[in-house]
Every structure is written in C-alpha cells, then in structure tokens.
Amino acid sequence: MRSTLLVAIHVFRDSVRDKVLYSIVAFAIILMASSFLMGQLTAGQDVKIIKDLGLAAMSLFGLFIAIFIGVGLVSREIERRSIYAVLAKPVLRHEFIVGKYLGLVGTLFVNLAVMAIAYYGVLEYMALTLPAGAFTGGPPATDPRLLLAVGLIGAELALVTAIALFWSSFSSSALLSAAFTAGLWVAGQFGADLRNFDQVVASPVAVWLARGLYYVLPNFAAFDIKAQVVHGATVSGDYMAATLAYAMAYIAMLIVAAVLVFSRRDFK
Amino acid sequence: MDAIRTEGLTKHYSVGFWRPRPYVALEGLDLEVAPGEIFGFLGPNGAGKTTTLKLLMQLIFPTSGRAEILGRPVGDVSVRRRIGYLPENPFFYDNLTAEELLAYFARLFGFHGQERATRVSRILDEVGLGAERRFQLRKYSKGMLQRVGLAQALLNDPEVVFLDEPMSGLDPLGRRDVRDLILRLRDRGTTVFFSSHILSDAETLCSRVAIVAHGKLVTAGSVAELVPFRVRGWDLIVSNLTIAQVHDVGGPDAVVREIADGRHHVILPEAASLDSALSRVTTHRGQLLSVNPVRDTLEDYFLARVRQAERREVG
Amino acid sequence: MLAGTVVWLQMYRERHFRAAEAAQQILYVQSPAVMKRLALSFDAVVADLYWIRTIQYYGGTRLSRDPDKHYDLLYPMLDLTTTLDPRFSIAYRFGAFFLSERAPGGAGRPDLAIALLKKAMATSPESWEYPYDIGFVYYRYAQYEQAADWFRRAAKVPGATNWLEPLAAVTLAAGGKLEASRVLWQNLLANGDQQWLRRTAEHRLQQLDAIDEIQRLQSLTAAYEARHGAPPPTWEHLIADGALRTVPRDPAGQPYVLNPWWGLVTVSQDSPLWPLPTERAP
C-alpha cells in the first residue's frame, strides 16, 4: 500500500513537469481569454458564450491531456525501458499500476484546476466590466454551479485516463492505444442513439446488440451537464452522486483488468 | 547456498501474427553462482544474455524451468530488497533529477529521512556524479545515465548485483572506474553477475564465466580452467633494423609486419627461442621496443567455442 | 507580381461567385439532427457559433439594399441553433420576433415564428414567455381571438406574470382597439429585457398618446367650426378663442399641424412620430 502511494507521488512529480502539458493548458487559457472577443458579437449573450466556450475548452483540452498522459506516458515508459529499473525494486506489479493511475489522475486534476481558475478569472473580469443595464437575465457570470460541470468533466476524464491506461497495459503501439481511447470517447457520446436504436432500425438482433453496447460502453454523454449549468438549470444531488458512482465503478473495473494484464506481461 | 541458481530455465517466444512460429530465446539453462563471486555471463548478440537477466528480474516469465536468488524463487519481493539491477542502456524519468530519482528508489526500499539522504549522497559520490546530480535526467549523456544506473543498482548495498552490459557507453576512463567499482564490490563480499561482450574485462575481473550462444549454454567454469596459461609464442616490436635483418631476427617461421617509422612487428612461433632472437637484435644493433607473450585469451576461446556451437546449430 | 495575380484572382472570385457560396457556407450542415451528433459534447458552443452567424445574417440582410433580398436562411439557422441548445431562449424569442416581422424588416413568416416557439414550448413547458410570444405574433397579424387564446394559455403556466389574463380579456373584448395596444406596449416598456425593445415601446406609446391628443384637438376644431362656421385656419385662432393656451405639441415636442381646409390635425412630417400607425397594427 505504501509502495502504491510512493509510485503515485513519483509519477505525479514526473508527469506534472512535462512540457507538453504546459502547452496544452496554455492553449486552453488563451482560447478562454479570447472568447471575450467572441462575446462582443452576440447581442447581449456575452456571458453565455464565454461560459460555453470555457467549459468546452476544458473538456476538449482535458481530453487531449488525459489521452496524452494515459497513453503517451505509459507507452513511453515501457518503450524507453524506464520501467525495468522500477520493477526490479521491491514493488509489486499491481502496486505499480495502481500507483501509476493515481499519479496520472493527480496530474490531470492539477491541470484541470489551473484551467478552471483561469476560467473563473475570465468570468469574474466579465462580471466586473459588464455595463449597467445590459442583459443580465439568467444565472450570474461566476455561478458556482459551473463547478458541478467541471467536476463531472473531471470524472469523465479520469475515466478516459483509465481507459487509456488499460489499452497501454498490453498494447505496444502508442498510436493505436490513443486511437482506441479517442474512439471509445466518441462512441460513448452516442448513448442515446444506441438506446433508441429500435426507432431507427427494424431488425431485433441489431436493436438487441445496440442495447447491449449501450450498457457496456462507457456512457460519456451522461457526464455532459454543461448546457444545464450554463442556463442555470438545477442538477440534482442524486444525479451527481449516481454519475460519480458510475465513473468510479467503471474505473475500478478497468484498473482491475489492467492489473491482470500487466501482471502477466512480458517486457521484451 | 548459491547466490544465484537456475535449473532448466527456458524461454520461448511466438513470433509472427498469422502463423506464429516459436523462437527459442533460451533453452535449458543450468547455472550456479556462488556468493562473493564475480561471474561473467558472456555471449554474442542475441545469445540470450539479456533474456536470462530479465528472467532473473522477472521482467519476463519463463516458459519452463526455475530460478532462485539467495535461495528464494525469483519474483519473491522480499529478495528484491537485497539485490540490485542495472538494465542495458538505461533510461529514466526525464523530468526528475538524479537525486530525486534515487530518493524515490530509496523510499521504495524503505529508507527514510536522514538515512535516505545520506545513502543517496554517498552512492552518487561513489559513481562519480557531482553537481550534475541536481540537473534533470533529460540533460544527461549516455555515460552519465550509465552512472545513474549503477547508482540505483547499488543504492541498497545489495548482496547480489546484476549488471547488463555495465561498460556500454562509457569512455575508457569510465570503464576503468566501473572495473574498480566491481572490484570494490567483490572486496565487500557482494556477488556480481554481469553480462558483457568486452571479453578482456571479463578475463581480468571474473572468477568464473559462462558462455551462451543461440540460447544455449556452451560452457561454464573458472577462467583459469577454460583458458590455461600457456605461452604460444612471442610478440616483438623492433626498430632501427633493415627488413633483411628483421627476418634474420625472427627466423624462418616468424611473421613479420612493418609498422610506420622504421618499426617492425615480429611474431615468433612457439618453438622459437626468445633468447636467441633477442641476442640477434643486439647483434644487428637494433632497438627492442616491446616483448609480449602470445597466449590464448578468453576471446580466442570464446570465438572458437561460439563457432563450434554455430556449426552444431546449422549442421 | 505573383502576389498581385493572387489578389486579383481573389477579387474576381469574390465578385462573381459570392452569392452561390454564401448559402452553403452559412449552414455548413443542413440537418439539425446530424449537426447535433457531429457536435459531440460541444453542442452548446456550436449553438453559440450558429447564433452569432444568425445575427450577422439577419443584420446583413436587413441593412442590404438588394431589392431581391430574402431571409430564407433565417429559419433553418434558428432551427439548427435551437436543436443544438434547446434551452437557448433568446434564440427562440429574438428569432420569432424577426420571423414574424413584415418584410422588408423581417421575414414576414408568422407560421415559422409560431413553429419555432412551439418547439421552445416542447422543451421548456415551464416558461410562460413562449406561449405569450405566440399570442403576440397573432396579435401583430390582427388575429385577436387566437392571440387572446394564447395569452390565456400563457397565464395558466405556473409562475406566469399576472397581467396576462387581463391582457387576454382586453384583447378579446376590444380586438384591435387602442387600449389593448397600449397595455401591450406598456408591458414591454416595463418588462422588456432588451434596450431596443424598450425604446420601440416608448416610441409606440408616444404615437398612441399622439393619436389620443389628435382626437381631442379635433373635437376642439369641430367645436370652433360649430361656433364660427369654418374650421380654424391656424392654432392662433384657437388660442385667441380660448380653446387652447399654447400651440399644441406632440409627445416628441413637435407642434401638431392643423389642416385648415378640413380642420384635421396630424403630426408634423418633421416629427419622429410620423407616420402614425393605423389603429389595427401597433
């Protein structure tokens, strides 16, 4: 157990300093700041587009980060054989992989937090410079409910990282792992379509397959409450709890699978 | 109790996706290494040296056979506290410094606080890393990385150390440092198991060696047993003589070669008398620059056995 | 020299092929359902982008001097925007307003406006604003019974503002009379959430006040005619007669114009209130 934490801290220290992550986060922040300009074009909807764009940027760039750290860092470690020295130490393979996951998720959350702070910075600036009498209907600029969306984005990305880690625990090709992970993310957006397949296709076999896929594939669309929080609609505590529990269960399943694969793997 | 012991250690791979063919990386290796020895594990590329080391470190799993380190089966985590491993061409975590990396490993071994700091500092001194220890590993040259690799292998004062090509990437100065280090380890009673193709080092360092080729053990034993000290001739370098005079010095069966600047290389056959050759040099008023015995080296022995193994394999 | 050629070609292309490109470019994707899927989880941002384009399209078309100008893409773009973000209330309301506005200021398609608002009602049944807006569309096209009907429906939505029932009643009873207009515009002046809406309401209310004023002034000129046998030729005559104290001015400050032949009063052509609306369309 202690070793797991040691691995996690070490992985965190190593990944957090990675220069690629700096670029991705910087890019996201620049995008958020420039959404300010876009806000001037929308006949009174300035705040909405800044909120939308900020959340979308966090979601998209966060996705890049998750795939990069989940696939890139693990494959790189195996490819460059940094892993040999570590596994020769008194550390069990499962401790290593769980620790690795925790360290990666820590890095992910730190990057997400940086983006969230920049996001609120832009919104706060907007709120302070809003001309009096302009359209202020709807939720406030620095609505704390936005954090709920950020929270679910975090959970979603933790799940993506787990998927990426799972793939790279047995695949040697970083590109393939990245492609599969991205593909699963896209597929997971279409949950509603899969569930309602019977409205589109007549064949009962296809419908049954689609339903099965709906339950098996990670349902990423459920983590998307961006539109709700921007419009100030309430998101129930139950919903948040259920979605987070789903994420944790799915992640646990993936990590167990990754541990099983990893424990038996030959490092050629 | 042996420090290291393998019985019938075998590793087969399946190569190819559509019609997998078996590839024999290692076949039936039986090995014993006594504690305190320096054991050289030698062989050409692809012979199975790295495979054996990885099997011992449980980076890969054997197809059949077993291995033990310090009397416990390989893979026993408690044993890993007492051993060290230097992988071939090590790479580490780019964004950390050498100090941070070693501190991490030290913590994994269970060293805390002041003891950890002392150990890390001491081992970095021992491998010759000074102020560089605070730079990130991405900035290190191959030689420096090799030193870091050695440092992490010796951090826990192991009883048994496994070194995969420890001299690779080092300049002659570095190689001498490593040789000295290995000798110091032996003085401390550490068992050293290393694989190499630099046979001259193996000859001077090792008490025992094993030679593998094509995944099989070709031979094993002490250097003295395998390569008895026997003079097979003499190697002279002379100068200030004309070519005719040189031929006279060497006699009818000698091999003569001209080196630059009026120097000549004379190789006397086994039967020739060294004394008469030397006196002939004096007679002709030549200069004797060097005299060396020609013996079988480990390299000769190694090449001979490997070629034999190859022929058996093919034929 | 090559750079010059490139620029010239671009200008040539701009001039000749512009019109055809514009339509495809604005929509990119024709089907809202497809666009929603393509947008993955970024539909709100894509909705925002479509909204920006919609405003640009509307503004550009409105300001254009092209005699053949049309607002054909307005509804498809609004449909796309609101499919991507079904809670985008301002897209529904703004969109419906200018879809129902008569040409050349708007598309002149009340049917599309109502369709858009019905879509809004389907996704946000808790909002009274959408049935209210539908009533307003009917009102603008002088279909008072349906207008009143929709105002009543809006009033039934829990949390609706409380002037909807009276509004429905006035609309039903008076049907096109000035009182109903005045109530509507007063409501918009008090509750309108956009500055341009409030300014328009103020303007219209001033016009209604002017109409009332004119009626009153015309009764004075009729009385004068009855007394003196002919309508007053100038305001001074009425002032001398004691009917007025000063030259009457309209709510925008311009003096009313007295037509001496018929005793009719109108607003001056210099007044910003000119021309006054007829009774039927506010």
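Predicted model: local features only at pLDDT ≥ 70, side-chain atom pairs only at ≥ 80, totals over all residues.
**Helix pair in chain A**

I started with helix α6 (residues 146-168) and helix α11 (residues 237-263) of chain A, whose axes sit 9 Å apart at an angle of about 15°. Angles under 35 degrees count as roughly parallel, so I put α6(A) and α11(A) down as roughly parallel to each other. I also looked up the hand of the crossing of α6(A) and α11(A), and it is left-handed.

From α6(A) I noted, among them, A:Leu148, A:Leu152, A:Ala155, A:Leu159, A:Ile163 and A:Phe166. On the α11(A) side the list includes A:Met240, A:Thr243, A:Leu244, A:Tyr250, A:Ile251 and A:Leu254. How do the residues of the contact of α6(A) with α11(A) divide by class? I got 18 nonpolar, one polar and no charged.

**Where chain B meets chain A**

I then went to the contact between the chains: 21 residues of chain B touch 21 residues of chain A. Which helix gives the largest share of chain B's side? That turned out to be helix α2 (residues 98-109) of chain B, with five residues. Sorting chain B's side by class gave me 16 nonpolar, two polar and three charged residues.

**Domains of chain B**

For chain B I looked up the domain assignment, which gives domain 1 as 4-226 and domain 2 as 231-295. I have the centres of domain 1 and domain 2 of chain B, taken over C-alpha atoms, at 44 Å from each other.

**A sheet in chain B**

Here I traced an open sheet of four strands in chain B, in the order β12-β13-β11-β14, with antiparallel pairing. Which strands stand at the edges? They are β12 (255-258) and β14 (287-295) of chain B; each has a single partner strand, so one side of each lacks a neighbour in the sheet. From one strand to the next I read an average twist of 15°.

Two helices went into my notes with this sheet. Helix α8 (residues 243-250) of chain B packs on the sheet and touches β11 (231-239), β12 and β13 of chain B, with its direction at about 20° to that of β13(B). Helix α9 (residues 274-283) of chain B lies across β11, β13 and β14 of chain B and runs at about 5° to β11(B).

Last, I zoomed in on one strand pair. Four bridges join β12(B) to strand β13 (residues 263-268) of chain B, and the two run antiparallel. I checked B:Val256 there, and its bridge partner in β13(B) is B:Val266.

Key: Residues numbered from 1 in each chain as written. Chains lettered and ligands numbered in written order. Axes fitted to C-alpha atoms, helices over the stretch in contact; angles between N-to-C directions. Parallel < 35°, antiparallel > 145°, perpendicular 65-115°, else oblique. Left-handed = near helix turned anticlockwise from the far one by under 90°. Contact = placed C-beta atoms within 7 Å. Nonpolar A, V, L, I, M, F, W, Y, C, P; charged D, E, K, R; others polar. Pairing = 2+ DSSP bridges. Domains from an automatic or database assignment.
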